[in-house]
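The stops below go one selection at a time.

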Amino acid sequence: MVKGYRPGTLQEALELLAQETCTVMAGGTDLMVQRARGFSLRPKLDRPLVFIEQLKELKQIYKKDETLHIGPCVTLTDLLGHPHIPEIFKQMIGRMASPPTRNMATLGGNICNASPAGDTLPWFYAMNAKVKLQSSAAERTVPIDAFISGPKKTILGNNEILADIIIPDETFEINMYRKLGQRKGMSLTKASFLGLAMITGSTVTDIRIALGSVAPRIVRSPEIERTLKGKSINDIRSSAGEISQRYQPLITPIDDARSTAKYRKEASLNLIRHFLENMQP
Amino acid sequence: MIIEFNLNHEKTTIDVDASARVLDILRDELGMTSVKEGCGEGECGACIILVDGRAMNSCILPAGALHGRSVLTLEGFKHTERYKAIEAGFLKAGSVQCGFCTPGFVLATESLLNQNPRPSDEEIKEGLSGNLCRCTGYNMIIRGVRIAIEEGAGLW
(Lines give C-alpha, C1' and ligand atoms only; values in the text may rest on other atoms or scores of the structure.)
Protein backbone atom coordinates (compact mmCIF):
# COMPACT_ATOMS: atom_id res chain seq x y z
CA MET A 1 0.00 0.00 0.00
CA VAL A 2 1.41 3.36 -1.04
CA LYS A 3 1.67 5.84 1.81
CA GLY A 4 0.41 9.35 1.36
CA TYR A 5 1.25 12.59 3.14
CA ARG A 6 -0.86 15.74 3.12
CA PRO A 7 1.39 18.40 4.60
CA GLY A 8 -0.28 21.56 5.90
CA THR A 9 2.51 23.92 4.84
CA LEU A 10 5.22 24.09 2.17
CA GLN A 11 7.86 23.84 4.91
CA GLU A 12 6.33 20.59 6.16
CA ALA A 13 6.32 19.22 2.62
CA LEU A 14 10.00 20.13 2.16
CA GLU A 15 10.93 18.49 5.46
CA LEU A 16 9.22 15.28 4.34
CA LEU A 17 11.26 15.34 1.12
CA ALA A 18 14.47 15.92 3.10
CA GLN A 19 13.86 12.73 5.09
CA GLU A 20 12.46 10.33 2.54
CA THR A 21 12.46 9.80 -1.22
CA CYS A 22 8.90 10.53 -2.25
CA THR A 23 6.90 11.37 -5.36
CA VAL A 24 5.40 14.84 -5.32
CA MET A 25 1.79 14.82 -6.52
CA ALA A 26 -0.06 17.96 -7.63
CA GLY A 27 -3.10 17.54 -9.94
CA GLY A 28 -2.10 14.04 -11.06
CA THR A 29 -3.26 14.46 -14.66
CA ASP A 30 0.13 13.57 -16.17
CA LEU A 31 1.57 11.27 -13.50
CA MET A 32 -1.55 9.10 -13.12
CA VAL A 33 -1.73 8.59 -16.90
CA GLN A 34 2.00 7.92 -17.37
CA ARG A 35 1.97 5.35 -14.58
CA ALA A 36 -1.38 3.78 -15.48
CA ARG A 37 -1.37 -0.02 -15.60
CA GLY A 38 -4.75 -0.54 -17.16
CA PHE A 39 -8.36 -1.25 -16.48
CA SER A 40 -9.30 -1.08 -12.77
CA LEU A 41 -5.70 -1.24 -11.60
CA ARG A 42 -3.94 1.29 -9.44
CA PRO A 43 -1.10 3.09 -11.20
CA LYS A 44 2.50 2.06 -10.82
CA LEU A 45 3.55 4.53 -8.15
CA ASP A 46 5.69 2.89 -5.50
CA ARG A 47 7.20 5.71 -3.49
CA PRO A 48 5.20 7.50 -0.81
CA LEU A 49 3.19 10.37 -2.27
CA VAL A 50 3.41 13.93 -0.98
CA PHE A 51 0.24 15.77 -1.99
CA ILE A 52 0.87 19.48 -2.52
CA GLU A 53 -2.20 20.67 -4.44
CA GLN A 54 -3.81 21.96 -1.22
CA LEU A 55 -0.86 24.14 -0.14
CA LYS A 56 -1.98 27.78 -0.01
CA GLU A 57 1.59 29.06 -0.45
CA LEU A 58 1.63 27.42 -3.89
CA LYS A 59 -1.72 28.73 -5.06
CA GLN A 60 -1.15 32.49 -5.15
CA ILE A 61 -1.19 34.80 -8.14
CA TYR A 62 0.15 38.31 -7.53
CA LYS A 63 2.15 41.15 -9.03
CA LYS A 64 5.14 42.72 -7.29
CA ASP A 65 7.91 45.00 -8.64
CA GLU A 66 6.80 44.62 -12.28
CA THR A 67 6.84 40.87 -11.94
CA LEU A 68 3.98 38.42 -12.13
CA HIS A 69 4.17 35.52 -9.69
CA ILE A 70 2.09 32.41 -10.30
CA GLY A 71 1.98 29.65 -7.72
CA PRO A 72 2.69 26.26 -9.31
CA CYS A 73 -0.41 24.61 -7.80
CA VAL A 74 -2.80 27.05 -9.47
CA THR A 75 -5.04 24.99 -11.76
CA LEU A 76 -5.51 25.76 -15.44
CA THR A 77 -9.17 26.64 -14.72
CA ASP A 78 -8.07 29.14 -12.04
CA LEU A 79 -5.75 30.81 -14.56
CA LEU A 80 -8.54 31.19 -17.12
CA GLY A 81 -10.57 33.17 -14.60
CA HIS A 82 -7.82 35.39 -13.17
CA PRO A 83 -7.49 39.11 -14.08
CA HIS A 84 -3.65 39.11 -13.83
CA ILE A 85 -3.24 36.49 -16.55
CA PRO A 86 -2.66 37.96 -20.04
CA GLU A 87 -5.24 37.13 -22.72
CA ILE A 88 -2.71 35.40 -24.97
CA PHE A 89 -1.79 32.95 -22.19
CA LYS A 90 -5.50 32.31 -21.51
CA GLN A 91 -5.93 31.56 -25.20
CA MET A 92 -3.14 28.96 -24.98
CA ILE A 93 -4.60 27.37 -21.84
CA GLY A 94 -8.09 27.29 -23.35
CA ARG A 95 -6.78 24.94 -26.04
CA MET A 96 -5.42 22.47 -23.47
CA ALA A 97 -7.21 19.22 -22.58
CA SER A 98 -10.86 19.68 -21.48
CA PRO A 99 -12.68 21.47 -18.64
CA PRO A 100 -12.63 18.50 -16.20
CA THR A 101 -8.91 17.94 -16.76
CA ARG A 102 -8.22 21.69 -16.53
CA ASN A 103 -10.03 21.67 -13.17
CA MET A 104 -7.36 19.28 -11.87
CA ALA A 105 -4.20 20.06 -13.84
CA THR A 106 -1.74 22.51 -12.33
CA LEU A 107 0.62 24.91 -14.05
CA GLY A 108 3.60 23.58 -12.08
CA GLY A 109 2.73 20.09 -13.25
CA ASN A 110 2.89 21.12 -16.89
CA ILE A 111 6.32 22.70 -16.28
CA CYS A 112 7.77 19.81 -14.25
CA ASN A 113 6.48 17.23 -16.74
CA ALA A 114 8.81 19.03 -19.19
CA SER A 115 7.25 17.55 -22.29
CA PRO A 116 8.36 19.12 -25.59
CA ALA A 117 4.59 19.26 -26.23
CA GLY A 118 3.84 21.02 -22.93
CA ASP A 119 1.41 23.68 -24.07
CA THR A 120 2.17 26.32 -21.45
CA LEU A 121 5.92 26.20 -22.08
CA PRO A 122 6.23 28.41 -25.20
CA TRP A 123 4.82 31.33 -23.20
CA PHE A 124 7.36 30.92 -20.39
CA TYR A 125 10.22 30.72 -22.89
CA ALA A 126 8.98 33.79 -24.79
CA MET A 127 8.54 35.76 -21.55
CA ASN A 128 11.99 34.85 -20.12
CA ALA A 129 10.29 33.33 -17.09
CA LYS A 130 12.18 31.95 -14.11
CA VAL A 131 11.30 29.26 -11.63
CA LYS A 132 12.12 29.12 -7.93
CA LEU A 133 13.11 25.71 -6.59
CA GLN A 134 12.97 25.25 -2.86
CA SER A 135 14.33 22.60 -0.50
CA SER A 136 14.19 22.57 3.30
CA ALA A 137 17.72 23.99 3.40
CA ALA A 138 18.03 26.24 0.37
CA GLU A 139 16.40 27.85 -2.62
CA ARG A 140 17.55 28.68 -6.13
CA THR A 141 16.00 30.60 -8.99
CA VAL A 142 16.79 29.55 -12.56
CA PRO A 143 15.57 30.54 -16.03
CA ILE A 144 12.97 28.20 -17.53
CA ASP A 145 15.33 27.00 -20.28
CA ALA A 146 17.93 26.00 -17.67
CA PHE A 147 15.28 24.24 -15.56
CA ILE A 148 14.23 21.96 -18.41
CA SER A 149 17.31 19.95 -19.30
CA GLY A 150 15.83 17.72 -22.01
CA PRO A 151 12.63 16.04 -23.11
CA LYS A 152 10.79 15.08 -19.91
CA LYS A 153 13.88 16.03 -17.87
CA THR A 154 14.41 18.81 -15.37
CA ILE A 155 17.07 19.74 -12.85
CA LEU A 156 14.57 19.50 -9.96
CA GLY A 157 16.16 17.56 -7.10
CA ASN A 158 14.35 14.82 -5.15
CA ASN A 159 14.35 17.12 -2.12
CA GLU A 160 13.04 20.16 -4.02
CA ILE A 161 9.62 21.55 -4.93
CA LEU A 162 8.91 24.08 -7.66
CA ALA A 163 7.72 26.90 -5.42
CA ASP A 164 7.17 29.94 -7.66
CA ILE A 165 6.93 30.88 -11.32
CA ILE A 166 8.28 34.35 -11.96
CA ILE A 167 7.38 36.22 -15.13
CA PRO A 168 8.35 39.78 -16.15
CA ASP A 169 5.05 41.69 -16.26
CA GLU A 170 5.26 42.77 -19.91
CA THR A 171 2.48 43.03 -22.44
CA PHE A 172 2.82 42.97 -26.22
CA GLU A 173 0.84 44.74 -28.92
CA ILE A 174 0.99 41.81 -31.31
CA ASN A 175 0.11 38.37 -29.98
CA MET A 176 -0.39 35.30 -32.10
CA TYR A 177 -0.85 31.71 -30.93
CA ARG A 178 -1.63 28.69 -33.05
CA LYS A 179 -1.91 25.09 -31.90
CA LEU A 180 -2.11 22.35 -34.49
CA GLY A 181 -3.92 19.25 -33.23
CA GLN A 182 -6.09 16.48 -34.62
CA ARG A 183 -9.24 18.04 -33.17
CA LYS A 184 -10.10 21.13 -31.16
CA GLY A 185 -10.82 19.66 -27.73
CA MET A 186 -8.73 17.14 -25.83
CA SER A 187 -5.91 16.99 -28.35
CA LEU A 188 -2.17 16.78 -27.86
CA THR A 189 -0.10 19.19 -29.90
CA LYS A 190 1.47 18.35 -33.26
CA ALA A 191 3.10 21.77 -33.44
CA SER A 192 2.48 25.08 -31.74
CA PHE A 193 3.56 28.65 -32.41
CA LEU A 194 3.69 31.73 -30.20
CA GLY A 195 4.68 35.12 -31.61
CA LEU A 196 4.83 38.36 -29.59
CA ALA A 197 5.94 41.78 -30.80
CA MET A 198 6.08 45.46 -29.85
CA ILE A 199 5.92 48.17 -32.50
CA THR A 200 6.81 51.85 -32.17
CA GLY A 201 5.73 53.84 -35.21
CA SER A 202 6.65 51.40 -37.93
CA THR A 203 9.68 49.94 -36.13
CA VAL A 204 9.68 46.56 -34.43
CA THR A 205 11.19 47.24 -31.01
CA ASP A 206 10.74 43.78 -29.50
CA ILE A 207 9.90 40.41 -30.99
CA ARG A 208 9.72 36.91 -29.47
CA ILE A 209 9.05 33.65 -31.27
CA ALA A 210 8.64 30.28 -29.52
CA LEU A 211 7.66 26.93 -30.99
CA GLY A 212 6.42 23.81 -29.22
CA SER A 213 6.42 20.09 -30.15
CA VAL A 214 8.93 20.48 -32.96
CA ALA A 215 12.26 19.77 -31.22
CA PRO A 216 13.48 18.04 -28.04
CA ARG A 217 12.87 21.33 -26.26
CA ILE A 218 10.90 24.50 -26.91
CA VAL A 219 12.52 26.40 -29.80
CA ARG A 220 13.44 30.03 -29.27
CA SER A 221 16.29 31.98 -30.83
CA PRO A 222 17.30 35.24 -29.15
CA GLU A 223 20.00 35.57 -31.87
CA ILE A 224 17.50 35.64 -34.74
CA GLU A 225 15.17 37.88 -32.71
CA ARG A 226 18.04 40.35 -32.13
CA THR A 227 18.57 40.74 -35.88
CA LEU A 228 14.89 41.70 -36.26
CA LYS A 229 14.72 44.32 -33.54
CA GLY A 230 14.95 47.87 -34.87
CA LYS A 231 13.84 46.89 -38.36
CA SER A 232 10.74 48.32 -39.96
CA ILE A 233 7.61 46.21 -40.26
CA ASN A 234 7.82 46.51 -44.05
CA ASP A 235 11.40 45.16 -44.13
CA ILE A 236 10.39 42.21 -41.97
CA ARG A 237 7.27 41.53 -44.02
CA SER A 238 9.14 41.51 -47.29
CA SER A 239 11.84 39.16 -45.99
CA ALA A 240 9.48 36.92 -43.96
CA GLY A 241 10.23 33.83 -46.06
CA GLU A 242 13.98 34.27 -45.71
CA ILE A 243 13.73 34.91 -41.95
CA SER A 244 11.58 31.81 -41.41
CA GLN A 245 14.23 29.72 -43.22
CA ARG A 246 16.76 30.75 -40.58
CA TYR A 247 14.71 28.72 -38.10
CA GLN A 248 15.08 25.62 -40.27
CA PRO A 249 18.12 24.12 -38.45
CA LEU A 250 16.48 24.69 -35.05
CA ILE A 251 13.30 22.79 -35.92
CA THR A 252 14.12 19.09 -35.53
CA PRO A 253 10.82 17.27 -35.04
CA ILE A 254 10.12 13.54 -34.90
CA ASP A 255 7.58 11.21 -36.49
CA ASP A 256 5.15 9.89 -33.90
CA ALA A 257 1.54 8.76 -33.48
CA ARG A 258 0.32 12.35 -33.72
CA SER A 259 2.14 13.66 -36.78
CA THR A 260 5.14 13.39 -39.04
CA ALA A 261 8.42 15.28 -38.85
CA LYS A 262 7.88 16.60 -42.38
CA TYR A 263 4.47 18.08 -41.61
CA ARG A 264 5.64 19.55 -38.31
CA LYS A 265 8.62 21.25 -39.90
CA GLU A 266 6.77 22.72 -42.86
CA ALA A 267 3.84 23.86 -40.77
CA SER A 268 6.13 25.56 -38.22
CA LEU A 269 8.08 27.43 -40.87
CA ASN A 270 4.81 28.53 -42.49
CA LEU A 271 3.48 29.76 -39.14
CA ILE A 272 6.63 31.83 -38.59
CA ARG A 273 6.26 33.33 -42.06
CA HIS A 274 2.55 33.98 -41.55
CA PHE A 275 3.27 35.82 -38.29
CA LEU A 276 5.99 37.98 -39.81
CA GLU A 277 3.96 38.79 -42.92
CA ASN A 278 0.87 39.81 -41.01
CA MET A 279 2.30 42.04 -38.29
CA GLN A 280 0.13 45.15 -38.02
CA PRO A 281 0.87 48.11 -35.75
CA MET B 1 -3.64 6.64 4.21
CA ILE B 2 -6.81 7.59 6.06
CA ILE B 3 -8.91 10.11 4.17
CA GLU B 4 -12.01 11.92 5.30
CA PHE B 5 -14.30 13.52 2.77
CA ASN B 6 -17.94 14.19 2.01
CA LEU B 7 -19.50 11.73 -0.39
CA ASN B 8 -22.95 12.74 -1.59
CA HIS B 9 -23.37 14.90 1.55
CA GLU B 10 -22.33 12.13 3.93
CA LYS B 11 -19.13 12.20 5.94
CA THR B 12 -16.98 9.28 4.78
CA THR B 13 -13.76 7.97 6.32
CA ILE B 14 -11.78 5.31 4.53
CA ASP B 15 -8.31 3.79 4.65
CA VAL B 16 -6.91 3.84 1.10
CA ASP B 17 -3.78 3.33 -0.92
CA ALA B 18 -2.83 6.97 -1.59
CA SER B 19 -2.13 6.21 -5.25
CA ALA B 20 -5.40 4.34 -5.92
CA ARG B 21 -7.66 5.86 -8.53
CA VAL B 22 -10.70 7.61 -7.08
CA LEU B 23 -12.72 5.81 -9.76
CA ASP B 24 -11.89 2.40 -8.23
CA ILE B 25 -12.44 3.57 -4.64
CA LEU B 26 -15.88 4.92 -5.55
CA ARG B 27 -16.97 1.84 -7.51
CA ASP B 28 -15.35 -1.01 -5.60
CA GLU B 29 -15.20 0.26 -2.01
CA LEU B 30 -18.14 2.63 -1.85
CA GLY B 31 -20.61 1.16 -4.34
CA MET B 32 -20.95 4.25 -6.55
CA THR B 33 -21.34 2.38 -9.83
CA SER B 34 -22.73 5.33 -11.80
CA VAL B 35 -19.06 6.30 -12.18
CA LYS B 36 -17.84 4.46 -15.30
CA GLU B 37 -14.43 3.52 -16.59
CA GLY B 38 -14.06 4.32 -20.28
CA CYS B 39 -10.60 5.25 -21.48
CA GLY B 40 -8.82 5.28 -18.11
CA GLU B 41 -6.73 8.28 -19.12
CA GLY B 42 -8.91 11.32 -18.63
CA GLU B 43 -10.10 11.68 -22.21
CA CYS B 44 -13.64 10.28 -22.38
CA GLY B 45 -15.38 11.74 -19.33
CA ALA B 46 -17.34 8.58 -18.40
CA CYS B 47 -15.76 8.74 -14.93
CA ILE B 48 -16.55 12.41 -14.23
CA ILE B 49 -17.47 13.30 -10.66
CA LEU B 50 -17.97 16.70 -9.07
CA VAL B 51 -15.32 17.70 -6.53
CA ASP B 52 -16.25 20.88 -4.68
CA GLY B 53 -18.71 21.59 -7.49
CA ARG B 54 -16.23 21.15 -10.35
CA ALA B 55 -16.12 18.27 -12.82
CA MET B 56 -13.04 16.08 -12.52
CA ASN B 57 -11.87 12.84 -14.15
CA SER B 58 -11.91 10.29 -11.33
CA CYS B 59 -9.81 7.80 -13.35
CA ILE B 60 -6.74 10.04 -13.03
CA LEU B 61 -7.48 11.51 -9.62
CA PRO B 62 -5.37 9.91 -6.85
CA ALA B 63 -7.33 8.90 -3.75
CA GLY B 64 -5.11 10.93 -1.44
CA ALA B 65 -6.29 14.12 -3.15
CA LEU B 66 -9.87 13.63 -1.89
CA HIS B 67 -9.14 14.40 1.75
CA GLY B 68 -11.26 17.28 3.02
CA ARG B 69 -13.24 17.67 -0.19
CA SER B 70 -16.88 17.23 -1.20
CA VAL B 71 -17.64 14.65 -3.85
CA LEU B 72 -20.89 14.34 -5.75
CA THR B 73 -21.73 11.40 -7.99
CA LEU B 74 -24.97 10.75 -9.82
CA GLU B 75 -26.17 8.73 -6.80
CA GLY B 76 -26.22 11.96 -4.80
CA PHE B 77 -27.09 14.37 -7.59
CA LYS B 78 -30.17 12.44 -8.77
CA HIS B 79 -32.31 13.70 -5.89
CA THR B 80 -31.99 17.35 -6.93
CA GLU B 81 -34.28 19.56 -9.02
CA ARG B 82 -31.33 20.34 -11.27
CA TYR B 83 -30.87 16.66 -12.02
CA LYS B 84 -34.55 16.31 -12.85
CA ALA B 85 -34.35 19.19 -15.34
CA ILE B 86 -31.29 17.64 -17.03
CA GLU B 87 -32.94 14.22 -17.08
CA ALA B 88 -36.12 15.66 -18.64
CA GLY B 89 -34.08 17.51 -21.29
CA PHE B 90 -32.05 14.40 -22.14
CA LEU B 91 -35.22 12.27 -22.38
CA LYS B 92 -36.98 14.75 -24.61
CA ALA B 93 -34.05 15.21 -26.98
CA GLY B 94 -33.06 11.54 -27.15
CA SER B 95 -29.65 12.32 -25.64
CA VAL B 96 -29.23 8.76 -24.34
CA GLN B 97 -28.68 5.63 -26.35
CA CYS B 98 -26.48 3.00 -24.71
CA GLY B 99 -26.19 5.21 -21.63
CA PHE B 100 -22.59 4.44 -20.70
CA CYS B 101 -21.42 8.04 -21.15
CA THR B 102 -24.58 9.57 -19.68
CA PRO B 103 -23.59 9.96 -15.99
CA GLY B 104 -20.48 11.83 -17.12
CA PHE B 105 -22.45 14.06 -19.48
CA VAL B 106 -25.03 14.83 -16.77
CA LEU B 107 -22.34 15.88 -14.27
CA ALA B 108 -20.38 17.83 -16.90
CA THR B 109 -23.64 19.66 -17.71
CA GLU B 110 -24.16 20.47 -14.03
CA SER B 111 -20.55 21.72 -13.73
CA LEU B 112 -21.01 23.91 -16.83
CA LEU B 113 -24.37 25.40 -15.80
CA ASN B 114 -23.10 25.97 -12.28
CA GLN B 115 -20.48 28.33 -13.69
CA ASN B 116 -22.41 29.62 -16.68
CA PRO B 117 -26.22 29.32 -16.38
CA ARG B 118 -26.87 30.70 -19.89
CA PRO B 119 -24.26 29.21 -22.21
CA SER B 120 -24.28 29.64 -25.99
CA ASP B 121 -24.19 26.49 -28.15
CA GLU B 122 -20.47 27.09 -28.61
CA GLU B 123 -20.03 27.27 -24.82
CA ILE B 124 -22.05 24.06 -24.35
CA LYS B 125 -19.74 22.30 -26.83
CA GLU B 126 -16.71 23.65 -25.00
CA GLY B 127 -18.18 22.69 -21.61
CA LEU B 128 -18.82 19.12 -22.79
CA SER B 129 -15.60 18.79 -24.79
CA GLY B 130 -14.18 16.39 -22.20
CA ASN B 131 -16.94 13.82 -22.80
CA LEU B 132 -17.10 11.30 -25.61
CA CYS B 133 -20.33 9.67 -26.85
CA ARG B 134 -20.13 7.03 -29.58
CA CYS B 135 -23.91 6.69 -30.08
CA THR B 136 -25.69 10.00 -30.43
CA GLY B 137 -23.33 12.15 -32.46
CA TYR B 138 -23.59 14.94 -29.84
CA ASN B 139 -26.33 17.01 -31.49
CA MET B 140 -29.03 15.35 -29.39
CA ILE B 141 -26.99 15.89 -26.22
CA ILE B 142 -26.51 19.57 -26.96
CA ARG B 143 -30.25 19.83 -27.64
CA GLY B 144 -30.94 18.04 -24.34
CA VAL B 145 -28.81 20.57 -22.46
CA ARG B 146 -30.65 23.43 -24.24
CA ILE B 147 -34.03 22.03 -23.16
CA ALA B 148 -32.78 21.58 -19.58
CA ILE B 149 -31.68 25.23 -19.54
CA GLU B 150 -35.03 26.48 -20.88
CA GLU B 151 -37.29 24.28 -18.81
CA GLY B 152 -35.12 24.46 -15.71
CA ALA B 153 -34.92 28.28 -15.80
CA GLY B 154 -34.04 29.67 -12.39
CA LEU B 155 -32.44 26.47 -11.12
CA TRP B 156 -28.92 27.59 -12.00
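Strands, as named here, are DSSP runs of E with at least two residues, numbered from the N terminus. The model is a predicted one.

Start by selecting His69(A). This residue sits in strand β5 of chain A, which covers residues 67-70. Is His69(A) buried, exposed or partly exposed? It counts as partly exposed, because 17 C-beta neighbours lie inside 10 Å, and a buried residue would need 20 or more.

Next, show what surrounds His69(A). Leaving out residues up to four places away in sequence, His69(A) touches Gln60(A), Tyr62(A), Lys64(A), Asp164(A) and Ile166(A).

Now bring both chains into view and select the contact between them. Chain A supplies 28 residues to the contact and chain B supplies 28 residues. On the side of chain B that touches chain A, strand β4 (residues 54-57) gives the most, with 4 residues. That side of chain B is made up of 11 nonpolar, 10 polar and 7 charged residues.

For the last stop, stay in chain B and select helix α4, residues 102-115. From first C-alpha to last, the 14 residues of α4(B) reach 20 Å, close to the 20 Å expected at 1.5 Å a residue. How many of the residues of α4(B) are buried? The count is 12 of 14, so the helix is mostly covered.

Key. Residues are numbered from 1 along each chain as its sequence is written. Chains are lettered from A and ligands numbered from 1 in the order in which they are written. This is a predicted model: local features need pLDDT of at least 70, side-chain atom pairs count only at pLDDT 80 or more; totals for chains, interfaces and linings use all residues. Two residues are in contact if their C-beta atoms, placed from the backbone, lie within 7 Å. Ala, Val, Leu, Ile, Met, Phe, Trp, Tyr, Cys and Pro count as nonpolar, Asp, Glu, Lys and Arg as charged, and the others, Gly among them, as polar. The expected span of a helix is 1.5 Å times one less than its number of residues.
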